[in-house]
Amino acid sequence: MTQLLGGELQELRHVFAGRLITPADPDYDEARRVWNACIDRRPALIARCADAADVSAAIGFARRHGLEVSVRGGAHSAAGVAVADGAVMIDLSLLRQVDVDPLRRRARAGGGALNLHFDAAAQAHGLATPAGMVGHTGIGGLTLGGGMGHLTRRHGLAIDNLVGAEVVLADGRVVHASAQEHPDLFWAIRGGGGNFGVVTAFEFRLHPVGPMVQFGFLFWGLDQGPAALREARDVIDDLPRDVNIMIVGLNAPPAPFVPERHHLQPGYALIVTGFGSADEHTAVIDRIRERVPPLFDLVTPMPYVQVQQFTDEAAAWGSLVYDKGTQVAQLTDDVIRLITEHWPRKTSPSSAMFLYRLDAAYSEVGEDDTAFGGGRSPRFSVFILAIAESPDVLAADRAWVRSFWGALQDHALSSGSYVNDSSEFPDRWVRASYGAKYPRLAQIKRAYDPENVFRHNANIVPSAV
Ligand SMILES: Cc1cc2nc3c(=O)[nH]c(=O)nc-3n(C[C@H](O)[C@H](O)[C@H](O)COP(=O)(O)OP(=O)(O)OC[C@H]3O[C@@H](n4cnc5c(N)ncnc54)[C@H](O)[C@@H]3O)c2cc1C
């Protein structure tokens with residue numbers, strides 16, 4: 001470390017256009033922070049890159065000095081892999097420019113852009129592509145692992161709309177990956193996470209969306225859970241493609257649209273987003289309301305950008321978090337029984353559960369077209385999150401997450417899961433998450449990163465031969 005602050009760092013400073021932040025700088029503590037407040041790691045150097053040349057220089061610097069590398073996009077990984085003790089953190093937060101070509105319906109986004117930057121730029125032209133449902137999540141980690149959200153039934157995962165990427169490789173070269181150039185790398189970065197290089201720019205296909213869409217948030221108390229979840233299952237079975245339903249376990253927010261007596265009460269919600277006609281959306285909402293009347297609801301036209309930020313405050317930076325995910329094919333009566341038994345046992349009012357429905361456009365992509373770990377048959381991706389303000393409460397809800405997750409394992413599609421939905425990446429779990437795709441990924445890893453420079457992630461170990 002002392003050495004780093006000497007001549008070599010000066011040498012890097014001469015070629016570096018962005019900012020180099022060391023423990024001596026007043027903003028070091030702020031710069032090393034990540035979304036999950038459990039993570040408190042001290043990198044040797046934070047290289048806040050201004051362009052691909054900076055990324056290349058920072059990787060070269062780390063390698064020459066035997067330092068590990070971590071990559072920070074939006075810093076939302078629950079595992080906190082964006083930061084590592086003693087490592088060089090490649091911080092992409094300056095690369096947040098999003099340029100939209102409305103005629104070609106294409107967007108080029110910097111590797112450190114957040115969902116909210118992307119949505120704002122694309123929506124200025126009435127366009128969008130599937131991304132996450134919280135504005136402050138980075139499109140970097142989100143896309144490289146898959147990327148699911150409100151538009152996934154309509155247009156697939158974020159990776160299904162990726163048409164190219166600028167990637168800085170472990171040896172410092174800057175390459176372009178697409179179906180025509182480095183097709184193996186292009187396949188691998190669509191699901192294989194940050195294992196293969198640092199993406200400094202993503203190029204996405206865009207679709208007409210909004211700007212106004214139909215929004216519905218319907219809430220039921222704990223005792224209504226089984227009926228509400230059965231209704232969600234039934235309605236999803238013949239849901240129009242233009243309507244998305246997300247199932248959420250949460251405590252009712254103390255928001256103006258929530259009657260005061262329900263503030264912070266635990267329960268279940270459906271977020272029903274309509275991208276087609278208002279009538280189509282109303283028909284779905286009316287059917288649900290009629291069969292299982294909610295305690296309260298909010299049903300209104302809303303700008304798409306606002307829908308995309310609806311849960312931003314609830315998911316704010318600074319809480320202690322533990323996350324585990326799994327996937328189930330169907331909400332059978334048994335699965336509903338397990339969910340409604342386990343969900344009420346949490347301690348923290350902030351702990352939450354999300355079930356993303358994956359079908360329609362998601363299931364029309366070929367199983368081997370991308371490196372995405374989960375299969376493409378219709379399913380629910382289940383996120384179980386302990387979110388707490390104190391270590392004691394986190395410990396209680398970490399145990400709750402594990403027990404809830406364990407109870408669902410008899411019904412899980414795999415012992416692995418979605419790689420973007422976990423606080424831990426044990427090797428066995430990563431292999432199970434990629435299943436039959438792992439050996440191909442390990443070969444590509446060997447070709448592009450044989451020394452496993454990019455290892456702070458759901459790591460794919462380079463194959464030996
Ligand atoms: C509040 C919240 C909401 C979420 N909502 C959704 C959702 O709706 N849908 C969904 O699919 N997932 C969601 N996630 C999970 C999310 O996809 C992952 O946490 C993802 O890792 C976040 O990416 P990031 O860039 O913010 O994270 P970071 O912590 O910065 O990055 C995680 C890892 O990704 C890699 N990485 C990031 N950017 C790059 C890059 N440009 N080039 C190379 N590697 C890179 C690196 O390996 C890095 O260590 C959510 C997470 C949170 C915390």
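Leaving aside neighbours within four places in sequence, A79 is in contact with I39, R41, S422, S423, E424 and F425, where contact means heavy atoms within 4.5 Å. The structure is a predicted model, in which local features need pLDDT of at least 70 and side-chain atom pairs count only at pLDDT 80 or more, while totals for chains, interfaces and linings use all residues. Residues are numbered from 1 along each chain as its sequence is written, and side-chain values use heavy atoms, with hydrogens and water left out.

A79 is located in the loop between β3 and β4; helices (H or I, at least four residues) and strands (E, at least two) are DSSP runs, numbered from the N terminus. With a relative accessible area of 9%, A79 is buried (buried means under 20% relative accessible area, exposed over 50% and partly exposed in between, for a 1.4 Å probe and protein chains only). The C-alpha atoms of A79 and Y438 are 21 Å apart in space, and the two residues are separated by 359 residues in sequence.

The strands on either side of this loop, β3 and β4, belong to an open sheet of four strands with mixed pairing and the order β1-β2-β4-β3. Two strands pair if DSSP finds at least two bridges between them. Each of the edge strands, β1 (19–21) and β3 (69–72), has a single partner strand, so one side of each is left without a neighbour in the sheet. On average, neighbouring strands of this sheet are turned by 20 degrees against each other, direction ignored. Three bridges connect β1 with β2 (residues 45–48) in the antiparallel sense, and the bridge partner of I21 in β2 is I46. Helix α3 (residues 52–64) packs on this sheet and touches β2, β3 and β4 (88–91); the direction of α3 makes about 170 degrees with that of β4. Axes are lines fitted to C-alpha atoms, for helices over the stretch in contact, and angles run from 0 to 180 degrees between N-to-C directions.

A second open sheet has five strands in the order β5-β6-β10-β8-β9, with antiparallel pairing. Its edge strands, β5 and β9 (174–178), each pair on one side only. The twist from one strand to the next averages 15 degrees. β5 and β6 run antiparallel and are joined by four bridges, with A107 in β6 as the bridge partner of V100. Helix α3 also packs on this sheet, where it touches β8 (162–168), β9 and β10, its direction making about 45 degrees with that of β8. Helix α4 packs on the sheet as well, touching β5, β6 and β10, with its direction at about 30 degrees to that of β5.

In α4 (residues 115–123), the buried residues are N115, F118, D119, A121, A122 and Q123. The elements that cover them include β5 (98–101), β6 (106–110), β7 (127–128), α5 (139–145), β10 (198–205) and α10 (304–307).

Helices α8 (residues 225–237) and α11 (residues 333–342) pack at an angle of about 140 degrees, and their axes are 10 Å apart. The two helices are therefore oblique to each other; angles under 35 degrees count as roughly parallel, over 145 as roughly antiparallel, 65 to 115 as roughly perpendicular and the rest as oblique. The contact is made by G225, P226, L229, R230 and R233 of α8 together with D333, I336, I339 and T340 of α11.

Strand β16 (residues 320–328) has nine of its nine residues buried, so it is largely enclosed by the rest of the structure. In a regular strand the side chains alternate between the two faces of the sheet. Both faces of β16 are covered, with L320, Y322, K324, T326 and V328 buried on one side and V321, D323, G325 and Q327 on the other. β16 runs antiparallel to β18 (residues 379–388), to which nine bridges join it, and D323 stands opposite L385 in β18.

Several loops carry backbone features. The peptide bond from G210 to P211 is cis, with omega near 5 degrees, and P211 lies in the loop between β11 (207–208) and β12 (212–221). H182, although not a glycine, has a positive phi of about 45 degrees. H182 is placed in the loop between β9 and α7 (183–189) and is partly exposed, with a relative accessible area of 29%. A360, also a residue other than glycine, has a positive phi near 50 degrees and lies in the loop between β17 (352–358) and β18.
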